[in-house]
Amino acid sequence: MRWVLAVPNDSPVQSVKDLQGKRIATEVVQLTRRWLAQHGVEAQVEFSWGATEVKPPRLADAIVEVTETGSSLRANRLRILDTLMESNTQLIANKSALADPWKKTKLENLALLLKAAIEAQGRVGLMLNVRREHLKLILDLLPALQRPTISALSDDEWVAVNTIIEERTVRDLIPKLKAAKAQGIVEYPLNKIVL
């Protein structure tokens, strides 16, 4: 994740120096103040209670916000001017905790669940029903995490298909699945994927 400084697309601000005397909204007030001071800029830094990206240009001249992809910033017609800080998540344990079998098991379980939550990001589950005669058409369309699960239904002519796909592919894929005779298509969110 990155903490970035962003301004409206149509802002005349082209560099950090242009923020002199301007108003900046953020949840990380002290980080922003220290960063501005390092760049020799004095600005009014205000705490923002969320939805920070909607504040410019009326309530703030710029914002400092956390982002992974920048899509929310772009959606609010903001451009990134600079990066203040980059961070990542790490699980750290001391050696004595790892020497204790019970604690080590707990830490390994925690690591497994955290990794599973990270793996689920940007993915969704997809379930659908299809006649066996159309199954190959459906399988040819599905990009699966590994392989789709195919389950028999009470009517032997039908099967259920369950798979995990990238969320960004769903809006293009569902109409294709429907055209290939899939029925009862259900998209659902994922909390964890254990590989």
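## Partly exposed Glu-46 and its partner

Glu-46 has a relative accessible area of 27%, so this residue counts as partly exposed, a value that, like the others in this report, is computed from a predicted model. The side chain of Glu-46 meets that of Arg-23 in a salt bridge, with 3.3 Å from N to O. This pair joins distant parts of the chain, since Arg-23 belongs to strand β2 (residues 23-26) while Glu-46 lies in strand β3 (residues 44-47), 23 residues apart. Arg-23 is likewise partly exposed, because its relative accessibility is 32%.

Another salt bridge brings together the side chains of Glu-157 and Arg-131, at 2.8 Å from N to O. Here too the pair connects distant parts of the chain: Glu-157 sits in the loop between β7 (149-152) and β8 (158-166), whereas Arg-131 is in strand β6 (residues 123-131), 26 residues apart.

With a relative accessible area of 47%, Glu-157 is partly exposed, and Arg-131, at 30% relative accessibility, also counts as partly exposed.

## A network of three residues

Glu-119 and Arg-123 form a salt bridge in which the closest N and O atoms are 3.4 Å apart. These two residues, together with Glu-166, are linked in a network of salt bridges. Glu-119 has 22% relative accessibility and therefore counts as partly exposed.

## The structure as a whole

Side chains of opposite charge can pair when their charged atoms come close. A search of the whole structure finds 5 salt bridges, among them the one between Arg-23 and Glu-46 and the one between Glu-157 and Arg-131.

Notes: Residues are numbered from 1 along each chain as its sequence is written. This is a predicted model: local features need pLDDT of at least 70, side-chain atom pairs count only at pLDDT 80 or more; totals for chains, interfaces and linings use all residues. Side-chain values use heavy atoms; hydrogens and water are left out. A salt bridge is a side-chain nitrogen of Lys or Arg within 4 Å of a carboxyl oxygen of Asp or Glu. Helices (H or I, at least four residues) and strands (E, at least two) are DSSP runs, numbered from the N terminus. Buried means under 20% relative accessible area, exposed over 50%, partly exposed in between (1.4 Å probe, protein chains only).
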